[in-house]
Amino acid sequence: MSMTSSYASDVVIDLSGDWTLSSEKDEHTTTMKIPGDVHTALHRAQIIPDPYFGRNETDVQWVARQDWIIERRFHVDHADGDWYLDIDYLDTVAVVFVNDAPVLSADNCFRRYRPDVSSALVPGENVIRIHFHSSIRAGAERQAAQPFYVPYSTDNSPIPHGNMLRKPQCHFGWDWNIALAPLGLYGTIALRRLDTARIEHVLTTQHHGEDGVELHVEVTLHAKSPASVPIHLSLGDERLRLDCGVTSGETVLRHVFFIENPKLWWPAGSGEQALYTLTVEVPDEIVTRQIGLRRVELLTDRDAAGSRFAFRINGREIFCRGANWIPADALHSLSDRERTEDLLVSAVDANMNMIRVWGGGFYEPDWFYDLCDRMGLMVWQDFMFACNLYPCTDDFLDNVEHEVTYQVKRLASHPSIVLWCGDNELVGALNWFPESRDNRDRYLVAYDRLNRTIETGLKKAAPSALWWPSSPASGYLDYGDAWHADGSGDMHYWSVWHENKSFDKYRAVKPRFCSEFGFQSYTSMPVIKTYADEKEMNVSSPVIELHQKNAGGNERIAGTMFRYFRFPKDFSNFVYISQVQQALAIKTAVDYWRSLKPHCMGTLYWQLNDTWPVASWSSLDYGGSWKALHYAAKRFFQPVTVSAIPAEDGRTVRFSTVNDTAEEVEIDMNIFALATDGTRTPLKSANATCGPDAALIVTEIDLNQLAEGVLLSWDFIASNGMTGEGHHVVNAYKALELQPSGLEHAVHALGDGQFEVEIKASGLALFVMVEADVAGRYSDNLFDLAAGDARKILFSPKDRSAASRPNFKIFDLFSSQSEG
């Protein structure tokens, strides 16, 4: 569903554009673009430095402790009639004045506000002013007014009491986010005249039968007084007119379209993303939506292990391959549709078919879900509650109820949204604070009141929507430990990172669906250079430490290197190895959990993207370039792939193939002994036939037949044309006596702004990574070369108009630990 609204030009005044921004005591005044945020406006005016550079974060935090005022003038020819403001994404505690008359007091970034302003307008020039109250001060005031203290996650948020406010929780800092508590207006602000009726909501539901699909359309109209309104509905080539009698307030109109021989919407990799255009038109307003016809079910049947957690789309079970989505930028003004689309395209290009819109950010704008609809990216949609406890007072729950109703009616018709989830980790948070540990009953009841409000609001607004109470959760009204229990529901498995366990512990659990698991790495060197000077290029420098928000994160990255690798020779190779081990960690988990199919039916790693340049669990750098993990994900999420699964005793390796397609495939593979000088010796060839949507063991290898210090390598080809390769080390990489890889490379400009990089090895080159000094995309990366192998890589710079030729650096495991 894509929702676009258009209005007749004589009934709307767009108030976006340049406003005047000033602090509450007028110490600072500048221009601010709306939509936009205060911090970016101040930075562009050189009132504050770049918050992302160096240690500037601490130098700009005063901004959030102040109130800010934005103002602009606008002209109205005829002020008579009924006029209202249309505002959304207003962040957050704010009062709106028109000609000094207060017309709105807002306190929820996730609601749409449409206050009547008729009595405040005058013919000619008018002034609109928005007074933003400091979120830091507002949070403290609301916490003080609670009947009992409501804890928030101090580990994540250095700025306190964000749980009091309905705004993105990560704005107060997170273990990957800068702590700025930004404020601004990020969506629509317009003045509209209500002549007869306006469209409040367009909601659709589907009923699939043997003969076709019924599309039930529900249009909510708002009118000032009773009237008859002509309304035109169209779906594809079918168009009709209805005359609808409306009353004062809201009137709901319902109509059913019937689609014979429907073209169905499928997730990426499983079929086409067929979309139909639905148009709803009243005088002065047209709403257009793209509709995808599909059936979605969440299977939670009980079985011997517990209960399943699997999505069935159009009658077919789909294994979910993907990652968690966080806001595209910590500051709204620095993100836009083009950059967001680039991130989503990268998800699909890495063979993902699902993203989870995590509950500490935003309900994203309509166009975001429109992109997911077109790309076939299924969306697991959290409601915006994360890692904190929350108030359960009547006013707070009433605010939440309005938020849920609006967001569900706005978004529920999108075919991409397959699940609505109550929150992120609120059940676990009951165990994180002394107050809730000492009085669990009180806080559990408070949680249940909130969770019930969300569920009831969802079911009332969209009765057919799929609901899951929390993530992770073992089931409905199950308040158990879904971080370690793997038999039912969805799981967040963080033992490898947060508990510092070895990578093979990913094979100690058998999740039904793992919706969070991750391992950190540093962001790539070209990104580090955007926020750190050369003298700061040290893992324990103050700037590098400030750009690591997870306590102990840098130590864990380094400690993992000691466990698996010889320590790298310099900072750039430290960054490189951090990305290699991140890719290895997530690959270990995904390879094993996919081999368990259909016991496990989904793996969503944490996290897809970054909000600013930072060490994190992301596979995409800030700015959208691919880290090593993302190139690995493209391979380990390939619909048909082969992976090596070592036995618990470490002496046998099973080769598992998984087939996520609807067709049977034949697998032909070759297995080699790979010596540290890069020579390969054939060990075994094997083939197998894997049925549709299945996993099976192709063959196994006894590692006792390998000589000391020799690796296992393999390649395969599937009958549908998919190919792959890989290697397996018997012990840690640090035990390998690697010999010089002899890497050489040549660069050829192709004339269209792209470059071909040819890489040759005279010895064994493991984890070859090509890195240019400009942003761009590589056709392949993070690959192995045996002795005598060569590979050509296509590099596409983000800016193809640049006159200068990029400089390329080639990393591999041998070179990272040796000056030779």
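**Helix packing and a buried loop residue**

Tutor: In this predicted model, the axes of helix α4 (residues 337–349) and helix α5 (residues 366–375) come within 11 Å and cross at roughly 30°.

Student: How do the residues of the contact of α4 with α5 divide into nonpolar, polar and charged?

Tutor: From α4 the contact draws on R337, T340, E341, L344, V345 and V348, while α5 contributes W367, F368, D370, L371, C372, R374 and M375. Sorted by class, these residues comprise eight nonpolar, one polar and four charged.

Student: What distance separates the end C-alpha atoms of helix α6 (residues 394–411), and what should its residues span?

Tutor: Helix α6 has 18 residues, and at 1.5 Å a residue they should span 26 Å. Its buried residues include F396, L397, V400 and Y406.

Student: Is F513 buried or exposed?

Tutor: F513 is found in the loop between α10 (495–498) and β33 (514–516). Leaving aside neighbours within four places in sequence, the contacts of F513 include F309, F311, M354, W380 and L604. Buried means under 20% relative accessible area, and because F513 has 0% relative accessibility, it counts as buried.

Definitions and conventions: Residues are numbered from 1 along each chain as its sequence is written. This is a predicted model: local features need pLDDT of at least 70, side-chain atom pairs count only at pLDDT 80 or more; totals for chains, interfaces and linings use all residues. Side-chain values use heavy atoms; hydrogens and water are left out. Axes are lines fitted to C-alpha atoms, for helices over the stretch in contact, and angles run from 0 to 180 degrees between N-to-C directions. Helices (H or I, at least four residues) and strands (E, at least two) are DSSP runs, numbered from the N terminus. Contact means heavy atoms within 4.5 Å. Ala, Val, Leu, Ile, Met, Phe, Trp, Tyr, Cys and Pro count as nonpolar, Asp, Glu, Lys and Arg as charged, and the others, Gly among them, as polar. The expected span of a helix is 1.5 Å times one less than its number of residues. Buried means under 20% relative accessible area, exposed over 50%, partly exposed in between (1.4 Å probe, protein chains only).
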